[in-house]
Amino acid sequence: MENNTIQKTGIWLFALLVLSIGIFHFADATRLSEMMPAFIPGSIFWMYGIGLAMVIASVAILINAKAKLACHLIAVMLVLLVAVVHLPDAIGKMSLAPGLLKDTALASALLLFSTAFKN
């Protein structure tokens, strides 16, 4: 299998992962909104917004329309989530560290995948 096929397969699989995470934000918005800090108002709104952003970004990646920008914007969103939501929680309770690590890994992967796109 040539490198281009492997790269495209990896990008597609990752885009489908981002899509599924976006869908989960719609399907389980109420439970997910309980993880938002109390100082952030409208937690259910943010869950739907995050879900919508991830669905739109995954479609952009899958159809290669502004895919580089989509990767960068979702990576920035995830880094902000780590800084504002996950890091303060994980400092006090290490059992919440997996969310911090997951979103950091996703942001890193998105930045890496963005190098595959020209637009």
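Modeller: A salt bridge is a side-chain nitrogen of Lys or Arg within 4 Å of a carboxyl oxygen of Asp or Glu. The model here is predicted, and a search of the whole structure finds two salt bridges.

Biologist: What makes arginine 31 and aspartate 28 a salt bridge?

Modeller: Their side chains meet with N and O 2.7 Å apart. The cut-off is 4 Å, so the pair counts as a salt bridge.

Biologist: Why is arginine 31 called partly exposed?

Modeller: Arginine 31 has a relative accessibility of 46%.

Biologist: What makes aspartate 103 and lysine 102 a salt bridge?

Modeller: The closest N and O atoms of aspartate 103 and lysine 102 are 2.7 Å apart.

Biologist: How do you know whether aspartate 103 is buried or exposed?

Modeller: Aspartate 103 has a relative accessible area of 4%. Buried means under 20%, so aspartate 103 is buried. Lysine 102, at 43%, is partly exposed.

Biologist: Why is the pair of phenylalanine 45 and tryptophan 46 called edge-to-face?

Modeller: The structure holds three aromatic pairs. In the pair of phenylalanine 45 and tryptophan 46, the ring centres are 5.3 Å apart and the planes stand at 75 degrees. The centres lie within 6.5 Å, so the rings pair, and the angle is over 60 degrees, so the pair is edge-to-face.

Biologist: What makes phenylalanine 45 exposed?

Modeller: Phenylalanine 45 has a relative accessible area of 56%, which is over 50%, so the residue counts as exposed. Tryptophan 46, at 40%, is partly exposed.

Methods. Residues are numbered from 1 along each chain as its sequence is written. This is a predicted model: local features need pLDDT of at least 70, side-chain atom pairs count only at pLDDT 80 or more; totals for chains, interfaces and linings use all residues. Side-chain values use heavy atoms; hydrogens and water are left out. Rings of Phe, Tyr and Trp (its six-membered ring) pair if their centres lie within 6.5 Å; planes under 30 degrees apart count as stacked, over 60 as edge-to-face and the rest as tilted. Buried means under 20% relative accessible area, exposed over 50%, partly exposed in between (1.4 Å probe, protein chains only).
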